[in-house]
Amino acid sequence: MSSANPLFLPPLILGTATFNNQYNHSPHSLPTTTIIHRALAAGISAFDTSPYYGPAELLLAAALSTSSHHRSSYHLLTKVGRIAANTFDYSPAWIRASVARSLHRLNTTYLDVVYCHDVEFVSPPEVIAAVRTLRALRDEGLVRYIGISGYPTNVLVDLSLLVLGETGEPLDAVMSYAHYTLQNTALAQHGVLGRLLEDARVGCVLNGSPLGMGLLRSQGVPVGGMGDFHPAPLELRLRCAEASGACGEAGEKLESVALRFALEGWTRDGAKGGTVVGGGGRGGEGKMGISVAGVSYLHELEELLVIWKEVKKVAEKRQLEERVRGVFGKEWSDYSWPSPGVGFTRESKL
């Protein structure tokens, strides 16, 4: 049994990977409840989390439980398979146990999306088995949509094609991270998006971590309770520091420039694999690409909301322009009338 309806997600999802001691020394001391309540009040209605993110599921659940928003008004996206930095379990028994634990932690009877987490670390047969298990859980009403997440775009493409070929059913969602940023736009290059959407028939392609796991920040990569975990090499970090200096000379912060670039760019370049907004339409018209961004503090959320408001205005203007251009159709789009016109006669001046 396949998913009854196409997956719908809002164009901006709040991530909770930052509710973890990878990014922060003491995640329990973060204003997570205030952040979630403010996000809900601002219209954010989807939250991405994972058991791998330490206490993130529990902190998210605590915040949601004290909000006035009904479960049906927001989406919960979580993951299975990754347990620790070097520990993975994609077995059917663990997938079922992990989903049951997430349901309990998040105090919900269903999960909107469940991803196989960081698929590049396991074998393709393990991914296929996990997807089949998640689909069985979907048929039991516990999971609505199934996807995969990971870093290398070629692996995401290959596994999406494999899932379609082996099971006869495409994935509902694929989430790449740190691959549509100011520093790296691989998700929109080399036919990656087309292969996912057209060849593998994936429903949605999401862009996670628009700041490259904190690489594109004026203060440098985040260092939490687990120390410096970021995989970026020193030379790239130095270039980011240089980029931060260039932004400072222009009176901007690197993170603000990077967020604006990634959010605005992906609403456009990721539209075909995004979400329908407004009046719908043909192709990418009436759609926006979906981004997942995380914050640690309320001021970071406020900065994100300001940038997102600007981005939405640009995207909505672009959509209106595309709808208006669509009125002309194939017959009149790019039509040029003849000049000189038919029957034109030049008068000679004596």
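Reply: For sorting residues, Ala, Val, Leu, Ile, Met, Phe, Trp, Tyr, Cys and Pro count as nonpolar, Asp, Glu, Lys and Arg as charged, and the others, Gly among them, as polar. This is a predicted model, in which local features need pLDDT of at least 70 and side-chain atom pairs pLDDT 80 or more, while totals for chains, interfaces and linings use all residues. Residues are numbered from 1 along each chain as its sequence is written, and side-chain values use heavy atoms, without hydrogens and water.

One cavity of 30 Å³ or more is present (a set of points on a 1 Å grid over the protein atoms alone where a 1.4 Å probe fits but cannot get out). The largest cavity holds about 30 Å³, a volume being the space filled by probe spheres set on the points, which are joined across faces, edges and corners.

Its lining (residues with an atom within 4 Å of a point) consists of P51, K79, V80, G81, R82, I83, W94, S98 and R101. Four of these are nonpolar, two polar and three charged.

β3 (75-80), β4 (82-84) and α3 (92-105) each give at least two lining residues; helices (H or I, at least four residues) and strands (E, at least two) are DSSP runs, numbered from the N terminus. The largest share, three residues, comes from α3.

β3 runs parallel to β6 (residues 111-116), joined by four bridges (strands pair at two bridges or more in DSSP). In this pairing, V80 stands opposite C116. α3 packs on the sheet and touches β3, β6 and β7 (143-150), contact meaning heavy atoms within 4.5 Å. The direction of α3 makes about 145° with that of β3 (axes are lines fitted to C-alpha atoms, for helices over the stretch in contact, with angles from 0 to 180 degrees between N-to-C directions).

Definitions and conventions:
On a 1 Å grid over the protein atoms alone, a cavity is a set of points where a 1.4 Å probe fits but cannot get out, and a pocket is an open set with protein on both sides within 12 Å along at least five of seven lines; lining residues have an atom within 4 Å of a point.
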